[in-house]
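Hi everyone, thanks for coming. Today I'd like to walk you through the charged pairs in a structure that may be new to you.

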Amino acid sequence: MTSRVSLRLIGACCLSVLAIDPLQAQEAGFNQSPSAQSAQDLKRLTIEELADLTVTTAAKRIERLSDVAAAISVIREEDIRRSGATSLAEALRLADGVHLAQVYGPGWAISARGFNISTANKLLVLIDGRTVYSPLFSGVFWDVQDVVLADIDRIEVIRGPGGTLWGANAVNGVVNIITRRAADTPGGLVTITAGTETRAVATARYGGTTAGGTAYRAYAKFRADDEHVFATGVPAGDGVQFGQSGFRIESNAARTSFWSVQGDVYYGTEGLYDRPDTRLSGGNLLTRWTRRWSATSQFQAQVYYDRTNRRVQRQYRAGRDTVDVDTQQQLQLGSRHRIVFGAGFRASRGDDLGDGPGFFFDPQVRTSTLGSFFAQDDIVVKPNRLSVIAGAKLEHNDFTGFELQPNLRLRLTPGPRQTVWGAVSRAVRMPTRFDTDLRVRLPASDRLLLTGTAAFVSENVLAYEAGYRVRPAERVSFDLAAFANNYDHLRSQEPPAAPGDAVVLGNGLNARTSGAEIAATATITPRWQAHASYSYLWERFSPAAGSRDVSGGASEANDPSHLFSVRSSLDLPRRFELDAVVRYTSRLPNPVVEPYTELTTRLGWRATDRWELSLIGQNLLHDRHEEFAAGTPRELYQRAVSVRSAWRF
C-alpha cells in the first residue's frame, strides 16, 4: 500500500472510528422582538407574513427575511411538526439546497453547495449560539446533536460563505438552530413516538415563570432506533439508545438588561456489527448577558463550556473540553450606518487515542486556541433602495496564524416585493488534528501508510454569489440564487517520496464549483400551501502546481448534481392535516450511489388544542434504499411507519 492509499481510509476511520463506524435568537433585542415572536407562532402564514419573518444569522442582527442579502431558507417549528421528523438531522431535510444522506444508523452526511462526505467539514452549525463542530475534523457529530423539536423557534440555513461573521469553517454555509425563550414555552409537553424503525422517542418538558418574572423550563428526551440492514441483507447491528436532558432559566427580556443560563447532558450507545457498542456522553453549559442601550444599540456577551466523550471499542476513544467566550455590539451611526462588531476567544483540549491497530494521533493530547475580531457595516446608499454591506473577520489559530475573511455585499430593492443582491466573500477551513496529527499504520507493524503534516495550511474559498427574491402575486414567491466558487489548498494525498514511505496529507488540490438554486412557495388555497426547491451543482477538481495527488478529490466530495423536493401542507375539515414531502437525489459519483426518489407523508389530527395524534410514513416508495456510501459494508434504509402523540398541559 503506497501511492494508492486513499483519503477514503480517513473517511472510514472517521465513520467507523469517530462516530463511529460510523446569538441565540430568542433573546429580545439582539435577535428577536416580542412582536416578531407573535408573528412566528404555530399557524399557517401567508406569503407576505413569511416574507416578514425576522432572521438574524445573515447579519447578526434582526432583519426581514425578504431583505436578506444571502441565500437563506428558514425552517419553523410548525414545518418540523408537520414533517414528522423525530431528530434534528431529519428536520434539516426541509432546508432548500442542502444534501442530507444517512450514512449509518445515527450518522449523517450533511453539506450545502458540495463537498459532502461522511465527515463533511465546510458547514458551520450552531445551537443557540453554541458552535457544535468538532475541532477534531471540522465537522459535526450529528449523532449527539439534538433538541426538543417543539422548542425550536426556527432553523436558519445560510447557503454560501459566512466567515466574516461566524469565523473559520463557515465555508459553504451556516446552520443556526434557535430555540424559544423559556417564557414562550410555559406548561407541560409530553410527546411519544413509536414505529417500525424509530422504536421509541419520548419527550417530556415543563416550564413556567416565577413571581419575579424569571422564566424556566426543563426537559428529558429518550430515543431508541432499530438496526438497519446491509446491502447483503445482513442486519447492520447499529441500533441506538440515546438519552438527553437539560434546562433553561432566563430573566425578564422586557428589561434593559437580561440574562439566560441553559445546559444539556447526554448519554448513549450505538451498536456496531463487529464489536461492542460505541459509548457517547457529554454536556454543555451556556450563559448569556445582554444590555440594551437604546432601540439601535445593544451589547451581548456569552460564555459556554462543552465536554464530549466518545469510546469505540478496539478503535478509538477521546475526550474533549472546550471553553468559548464571545462578545458583540450592535449600534447605528446616523441614518446610514448599521454596525455590528465583536471579539471572541476559544480554547479546546482534545485527548484522542487511536485505540486499535489502524491509526493514532501524534501528539495524543493537543490544546488549540482561536481568537477573533470582526466588524460589519450595512451602509444605506439610497434609503429603501440601495445598500452596501462590507465587513471582515480577523482570526488567529495555532495552526496557521492569522486568517482574514472579508465580505462585500450589495442589496438593491427595485420595489416593495423585490430584492436583488450580490456578494463576493472569502472563507477558510482551518487545519484540524485529522490534517496534522493523524497517523495510519499497517496493523501489527510500525510502518506508516498515511500521515498528516504540520505544514498543512488552511483551505480557502473565494465565492461569487447573486440572488433575486420576488413576490409577483399575493400567493406566490420565488427565491433564486447562483454561485461560482474557487477553492484553493484543498486536502490532497501526496504519494510517498520513496518506497516504504507514507502517503502525506497536503494542500495540493484546487476546485471550481458553480450552481443555481430556486425555491418557490405558493398558497394554493387558504388551507393548502406548497413549497418546491431545486438545486444544481457542478464540481471540478484539479491538482495544484507540483502536486502528485492520487485521489483526484474523490475522498473530499461525493455530491449529487441535482436535488429536488416538493412539500405540501393541507388543512382538512374536522382538524385533520395532511402533509407530504417528495424528494429526489441524483446519482452520487464516487462511490456510486444510484439516484432515488422518496416520499414522506403525515396524517395528523388535532383532536383538541392540547392533544395531537399523527400517523407518519417515511421512505414509502421503496422497501429499502441506499443514500450514501462510506466504506464497506454499505447500509440500506427501510420503509418506516410510526405513530406520534403529543399532549400539552
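Predicted model: local features only at pLDDT ≥ 70, side-chain atom pairs only at ≥ 80, totals over all residues.

Residues are numbered from 1 along each chain as its sequence is written, and side-chain values use heavy atoms, with hydrogens and water left out.

Side chains of opposite charge can pair when their charged atoms come close. We call it a salt bridge when a side-chain nitrogen of Lys or Arg is within 4 Å of a carboxyl oxygen of Asp or Glu. The structure has 53 of these.

Let's start with D306 and R130, whose closest N and O atoms are 3.2 Å apart. D306 sits in strand β17 (residues 297–312) and R130 in strand β7 (residues 130–131), so this pair ties together parts 176 residues apart in sequence. Strands here are DSSP runs of E, at least two residues, numbered from the N terminus.

Are these two buried or exposed? D306 is buried at 15% relative accessible area, and R130 is buried at 8%. Buried means under 20% relative accessible area, exposed over 50%, and partly exposed in between, using a 1.4 Å probe and protein chains only.

Next, D437 and R433 form a salt bridge at 2.9 Å, N to O. D437 is buried at 2%, and R433 is buried at 2% too.

Finally, E612 pairs with R602 at 3.1 Å between the closest N and O atoms, and both residues are buried. Shared partners join them into one network with others, including E78, D571 and R644.

Technical notes: Helix = DSSP H or I, 4+ residues; strand = E, 2+ residues; numbered from the N terminus.
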